[in-house]
Amino acid sequence: MTRRCFFVEAVEADADNVVLVGQTAHHIQSVLRLGTGDMVELRDGRGNGWKGLIAGKEKGTVRVRLIERQPLRHESSLKLTLAMALARSDRMDLVVRQATELGGHRLVGYRSK
């Protein structure tokens, strides 16, 4: 099953429901065409996550019933290795920076003809 994860600004500590509006609601309704009873995941960008069910839809709003809070892991459990032919230093700097941002575990450079 595809994970459907959406950003929310904030969720009250004791909240049972969250109302999504704007582009998020439009994306759920018109692009993904999710309906009542479909599972979604919500994230607030501060390390908090929730599983929820779509409880209702109206034009421009989607109400999500929160089911459970989810602990979020920040580090990937995958140990990814990127192998890349050696390039000019500016390109290698970019590759190293982006591989690090994506969570790469190891970078291997090799000579190529």
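**Reading the charged pairs, the sheet and the core**

Analyst: The model is predicted.

User: With which residue does Glu68 form a salt bridge?

Analyst: The partner of Glu68 is Lys51, and their closest N and O atoms are 3.9 Å apart. The pair links distant parts of the chain, for Lys51 lies in strand 4 and Glu68 in strand 5, 17 residues apart. Lys51 is likewise partly exposed, with a relative accessible area of 27%.

User: How many salt bridges does a search of the whole structure find?

Analyst: The search finds three. Another of them joins the side chains of Arg88 and Asp90, at 3.5 Å from N to O. Here Arg88 is exposed, with a relative accessible area of 52%, while Asp90 is partly exposed at 46%. A further salt bridge connects Arg43 with Glu41, whose closest N and O atoms are 2.8 Å apart.

User: Are Arg43 and Glu41 buried or exposed?

Analyst: Both residues are buried. For Glu41 the relative accessible area is 11%, and because this is under 20%, Glu41 is classed as buried. Glu41 lies in strand 3. Leaving aside neighbours within four places in sequence, Glu41 is in contact with Arg3, Arg4, Cys5, Phe6, Trp50 and Gln70.

User: How should I read the sheet, and in which order do its five strands stand?

Analyst: As a general idea, strands of a sheet pair through backbone hydrogen bonds, in either a parallel or an antiparallel sense. In this structure five strands form an open sheet in the order 1-3-4-5-2, with mixed pairing. Strand 1 (5–7) and strand 2 stand at the edges; each has a single partner strand, so one side of each is left without a neighbour in the sheet. From one strand to the next, the twist averages 40°.

User: How many bridges join strand 4 to strand 5?

Analyst: Ten bridges join these two strands, which run antiparallel. One example of bridge partners is Leu53 with Arg65 in strand 5.

User: In which sense do strand 6 and strand 7 pair?

Analyst: Strand 6 (residues 81–85) and strand 7 (residues 106–110) pair in the parallel sense over five bridges. The chain passes from strand 6 through helix 2 (residues 89–101) to strand 7, making a right-handed β-α-β crossover. Within this pairing, Ala85 stands opposite Tyr110 of strand 7.

User: Where does helix 1 lie?

Analyst: Helix 1 lies across strand 1, strand 2, strand 4 and strand 5, and runs at about 90° to strand 2.

User: Which residues of the largest nonpolar core touch the most other members?

Analyst: The general idea is that nonpolar side chains in soluble globular proteins tend to be buried together. The largest nonpolar core here has 15 residues, of which Val8, Val18, Leu20, Ile28, Leu42 and Val62 touch the most other members. At least two residues each come from strand 2 (17–21), helix 1 (22–31), strand 3 (39–43), strand 4 (48–58) and strand 5 (61–71). Strand 5 gives the most, with three residues.

User: Taking Leu20 as a case, with which residues is it in contact, apart from neighbours within four places in sequence?

Analyst: Leu20 is in contact with Val8, Ala25, Ile28, Leu42, Gly60, Thr61, Val62 and Val64.

Note on methods: Residues are numbered from 1 along each chain as its sequence is written. This is a predicted model: local features need pLDDT of at least 70, side-chain atom pairs count only at pLDDT 80 or more; totals for chains, interfaces and linings use all residues. Side-chain values use heavy atoms; hydrogens and water are left out. A nonpolar core is a set of buried Ala, Val, Leu, Ile, Met, Phe, Trp, Tyr and Cys residues joined through side-chain atoms within 4.5 Å. Buried means under 20% relative accessible area, exposed over 50%, partly exposed in between (1.4 Å probe, protein chains only). Helices (H or I, at least four residues) and strands (E, at least two) are DSSP runs, numbered from the N terminus. Contact means heavy atoms within 4.5 Å. Two strands pair if DSSP finds at least two bridges between them. A crossover is right-handed if, with the strands pointing away from the viewer, the path from the first strand over the helix to the second runs clockwise. A salt bridge is a side-chain nitrogen of Lys or Arg within 4 Å of a carboxyl oxygen of Asp or Glu. Axes are lines fitted to C-alpha atoms, for helices over the stretch in contact, and angles run from 0 to 180 degrees between N-to-C directions.
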